[in-house]
Amino acid sequence: MLYRNGQPNTGAAAFDKNGHKVENYPGYTFGNGSAVLLQSGHPFTVPSDHYFAMGDNSPTSYDGRYWGPVPAQNIVGRAVVIIYPFTFRWGLAK
């Protein structure tokens, strides 16, 4: 389960499905990398004026768990196009 501020993360059906390993959702995992910032049972505090990005395919996402929080000043826009994977998700971001 992924927690935010001590509570299970909610807001989208995918969070609940991934947290409970429903359907094809594998749960939140750490993949095969060794430089992982998040560890089960160890809280991680995101610094003020920073964001923590996590990919939606946690076993294979090379995301904030590996490269850390992103300063707000480095975020210059919103996603416009999803280019990978080449599935029904490919195309304009919603």
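Is Phe 52 buried, partly exposed or exposed? In this predicted model, local features need pLDDT of at least 70 and side-chain atom pairs count only at pLDDT 80 or more, while totals for chains, interfaces and linings use all residues. Residues are numbered from 1 along each chain as its sequence is written, and side-chain values use heavy atoms, with hydrogens and water left out. Phe 52 is partly exposed, at a relative accessible area of 22% (buried means under 20%, exposed over 50%, partly exposed in between; 1.4 Å probe, protein chains only).

A search of the whole structure gives 2 aromatic pairs (rings of Phe, Tyr and Trp, the last by its six-membered ring, with centres within 6.5 Å; planes under 30 degrees apart are stacked, over 60 edge-to-face, the rest tilted). The ring centres of Phe 44 and Phe 52 lie 5.3 Å apart with planes at 50°, so this pair is tilted. Phe 44 is partly exposed at 31% relative accessibility. Tyr 62 and Tyr 66 have ring centres 5.3 Å apart and planes at 25°, so they are stacked; Tyr 62 is exposed at 63%, whereas Tyr 66 is buried at 16%.
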